[in-house]
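Colleague: I would like to learn how to read charged side chains in a model like this one. Could you take me through it step by step?

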Amino acid sequence: SLASVAELLRRDWRAEVAGVSEGQRHGLAPARELPGVADVRVLGAIGVVQLDREVNVPAATAAATDRGVWLRPFRDLVYTMPPYVISAEDLATVCAGVRAAVRAPRARA
């Protein structure tokens with residue numbers, strides 16, 4: 001754990017978090033227009049798309065992994081907490097995976 005803290009302190013982690021935050025604001029914004037989306041929010045390096053229904057976890061997981069992204073949606077949330085050191089390209093891929101998960105078919109009632 002000390003090595004992790006040392007690595008964190010060696011970097012400009014505040015700037016990295018700000019970059020991840022801005023990248024998610026940009027990358028998740030199109031989800032606001034998708035059917036069933038109740039809210040899109042970003043706090044620090046955490047990005048969340050909240051649905052107006054429960055997530056169809058198998059369908060959402062399949063949609064995201066088809067795009068090379070592993071997500072763990074739960075309840076009505078599709079969220080991501082990427083590492084501070086993620087590249088802009090990888091972050092765009094993560095955001096595309098979140099949007100795909102949100103577009104996944106609804107679970108049967």
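Colleague: Which residue forms a salt bridge with Arg 53, and how far apart are the closest N and O atoms?

Modeller: A salt bridge here is a side-chain nitrogen of Lys or Arg within 4 Å of a carboxyl oxygen of Asp or Glu. Arg 53 forms one with Asp 52, with the closest N and O atoms 3.7 Å apart. This is a predicted model, in which local features need pLDDT of at least 70 and side-chain atom pairs count only at pLDDT 80 or more, while totals for chains, interfaces and linings use all residues. Residues are numbered from 1 along each chain as its sequence is written, and side-chain values use heavy atoms, with hydrogens and water left out.

Colleague: Is Arg 53 buried or exposed?

Modeller: Residues are called buried under 20% relative accessible area, exposed over 50%, and partly exposed in between, using a 1.4 Å probe and protein chains only. Arg 53 has a relative accessible area of 15%, so Arg 53 is buried.

Colleague: How many salt bridges are there by this rule, and which residues are linked in a network?

Modeller: The count comes to 5 salt bridges, and the network links Glu 7, Arg 10, Arg 11 and Glu 16. Glu 7 pairs with Arg 10 at 2.6 Å between the closest N and O atoms, and with Arg 11 at 3.4 Å. Helices are DSSP runs of H or I with at least four residues, and strands are runs of E with at least two, numbered from the N terminus. Both Arg 10 and Glu 7 lie in helix α1 (residues 2–10), 3 residues apart, which is about one turn of the helix. Arg 10 is exposed at 58% relative accessible area, whereas Glu 7 is partly exposed at 33%.

Colleague: What is the nearest side chain of opposite charge to Asp 76, and how far away is it?

Modeller: For charge, Lys and Arg count as positive and Asp and Glu as negative, with His and the chain ends not counted. Asp 76, in the loop between α3 (57–65) and β3 (77–80), is buried yet has no salt bridge, and the nearest side chain of opposite charge, Arg 75, is 4.5 Å away.

Colleague: Which side chain does a polar contact join to that of Asp 76?

Modeller: A polar contact is a pair of N or O atoms within 3.5 Å; within protein, one must be able to donate a hydrogen and the other to accept it, and residues adjacent in sequence count only if both atoms are side-chain atoms. The side chain of Asp 76 is joined to that of Gln 50 by a polar contact of 3.0 Å.
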